[in-house]
Amino acid sequence: MPMKLQEYVNLSQLTTIQLGGPARYLVECSSIEELIEAIEFAETKRLNWIVIGGGSNIVFPDRGYDGLILKMGLRGKVFEGDGYIVHASIAAGESWDDFVKFCVEEELAGVECLSGIPGLVGATPIQNVGAYGQEVSETIEEVTVLECSTKDVLKFSGEECGFGYRTSRFKHVDRGRFIIINVRFALRKFGAPVIKYPELKDLIESGRRETKINLSLVRSAVLALRKKKSMVLDPGDPNSKSVGSFFVNPLLDENQFRTFMERADELGVSEKVPIFAVEGGVKLSAAWLVENAGFHRGFRKGGVGISANHALALVNFGGTASELIGLAQEIQEKVLNIFGIKLEIEPLIFE
Ligand SMILES: Cc1cc2nc3c(=O)[nH]c(=O)nc-3n(C[C@H](O)[C@H](O)[C@H](O)COP(=O)(O)OP(=O)(O)OC[C@H]3O[C@@H](n4cnc5c(N)ncnc54)[C@H](O)[C@@H]3O)c2cc1C
């Protein structure tokens, strides 16, 4: 079957932040053969190309994208194993939250705290998606990829993926080298839910009464917390027109932390800074830095702003990609000038 190429497709319809002009070409790929055909088309025409999933962690420019968008459309789920560990092999084009919901219903533990995260399964290893005390790296046992230059299909074990806090080899060293086509998770049948994130723990404890804590209860609590912060996609909530958190929480080693605390002392805020101990150093709250650099929740600049419900979510209130990038840069500069911390941007930005 010939490739179904679409032309001049509006990228704002393909991204959760609803920004970006037209894409010159777009093709939905539902098999490895179609992915290869699309890459070869781009190579022949000397076009840039990029693969997208749910468009929930990407910002395209107002002028659009003068290349080929490969929309991930590979589907399929296989669950194997009837003991404690169940292996779930999920194609990259499956909806992440549908997968989580299914696991919770089937009492498969391991991804329950990641309820409500938009996007597709294939993107989750890229930034080692995480929330409420859980990350996909904890359950990913294998990632299958198409190597774009050789068109070979390769498999990486979880250890080979180079996972870290909001990162992996796919996000940095091997960016653009592979297309993720399948992810295999190891889940625990009737396993206990992970309840270590303080806010989640408090919510569950407060409403507990006699109710048994199970995966469904955790999923409901996570969804409730996310909804309050406009961190679930909701067409009725203008604050959810975002890419989720725009900045990553900074990780500091001992020396960087000492320098930061000296600055915080000078500013008289050292007692108030939220600090989380992590392996090899500390994690700061990017949300705290943003708010304390003068960008409060609900802040507006032109058609963009900060969510009224979450200081880390930059929101499109009817503006442009350049306004959004301008605001992000302003925040980065202010945070750097005041606290000496360079905030790293989480989503992929095309300028
Ligand atoms: C309201 C909201 C809440 C969010 N909450 C969270 C959260 O709690 N935790 C969290 O970690 N993230 C969160 N996110 C960010 C985002 O949902 C995740 O990063 C998600 O995994 C992105 O999936 P996607 O399919 O939409 O990827 P896209 O946005 O389509 O793509 C993101 C990047 O991955 C690449 N990519 C996508 N698919 C593939 C593939 N198959 N192979 C190779 N490269 C690929 C793209 O080229 C791009 O660079 C949130 C976003 C929103 C809008």
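Mentor: A residue is near a molecule or strand if one of its heavy atoms lies within 4 Å of it. Of the 32 residues around the ligand, the nearest are V51, G53, S56, N57 and R226.

Some ground rules come before the details. This is a predicted model, in which local features need pLDDT of at least 70 and side-chain atom pairs count only at pLDDT 80 or more, while totals for chains, interfaces and linings use all residues. Residues are numbered from 1 along each chain as its sequence is written, and side-chain values use heavy atoms, with hydrogens and water left out.

The shell around the ligand can be sorted by class: 18 of its residues are nonpolar, 12 are polar and two are charged. In this sorting, Ala, Val, Leu, Ile, Met, Phe, Trp, Tyr, Cys and Pro count as nonpolar, Asp, Glu, Lys and Arg as charged, and the others, Gly among them, as polar.

Next come the polar contacts, meaning pairs of N or O atoms within 3.5 Å; within protein, one atom must be able to donate a hydrogen and the other to accept it, and residues adjacent in sequence count only if both atoms are side-chain atoms. The side chain of S56 has an N or O atom 2.6 Å from an oxygen atom of the ligand. G53 contributes through its backbone, where an N or O atom lies 2.7 Å from a ligand oxygen atom. A polar backbone atom of L120 is 2.9 Å from an oxygen atom of the ligand. On its own the ligand has 970 Å² of accessible area, and the protein covers 92% of this. Such areas come from the Shrake-Rupley method with a 1.4 Å probe; for residues, only the protein chains shown count as cover.

The elements that each give two or more residues to this shell are β3 (48–52), β9 (130–131) and β13 (178–189). The labels refer to DSSP runs numbered from the N terminus: helices are H or I runs of at least four residues, and strands are E runs of at least two.

One of these strands, β13, also holds L187. With a relative accessibility of 0%, L187 is buried; the term buried means under 20% relative accessible area, exposed means over 50%, and partly exposed lies in between (1.4 Å probe, protein chains only). L187 and G81 are 106 residues apart along the chain, and their C-alpha atoms are separated by 10.0 Å.

Aromatic rings are the next topic. Rings of Phe, Tyr and Trp (its six-membered ring) pair if their centres lie within 6.5 Å; planes under 30 degrees apart count as stacked, over 60 as edge-to-face and the rest as tilted. The whole structure has 17 aromatic pairs. In one of them, F156 and F170, the ring centres are 6.1 Å apart and the planes meet at 50°, so the pair is tilted. F156 belongs to strand β12 (residues 153–157) and F170 to the loop between β12 and β13, so this pair ties together parts that are 14 residues apart in sequence. Both partners are buried, F156 at 10% and F170 at 7% relative accessibility. Elsewhere, F79, W96, F99, F102 and F185 make up one aromatic cluster.

A disulfide is a pair of cysteine sulfur atoms within 2.5 Å, and the count here is zero. C148 is in no disulfide, as its nearest cysteine sulfur, in C29, is 11 Å away. C148 is buried at 7% relative accessible area. For C161, the closest cysteine sulfur is that of C148, at 15 Å, which is too far for a bond. C161 is buried as well, at 0%.

Most residues other than glycine have a negative phi. Q18, not a glycine, has a positive phi of about 55°, and K151, also a residue other than glycine, has a positive phi near 65°. Q18 sits in the loop between β1 and β2 and is partly exposed at 41%. K151 sits in the loop between β11 (140–147) and β12 and is buried at 18%.

The loop between β1 (5–10) and β2 (22–29) also contains T15, which is buried at 5%. A polar side-chain atom of T15 lies 3.4 Å from the backbone oxygen of L19.
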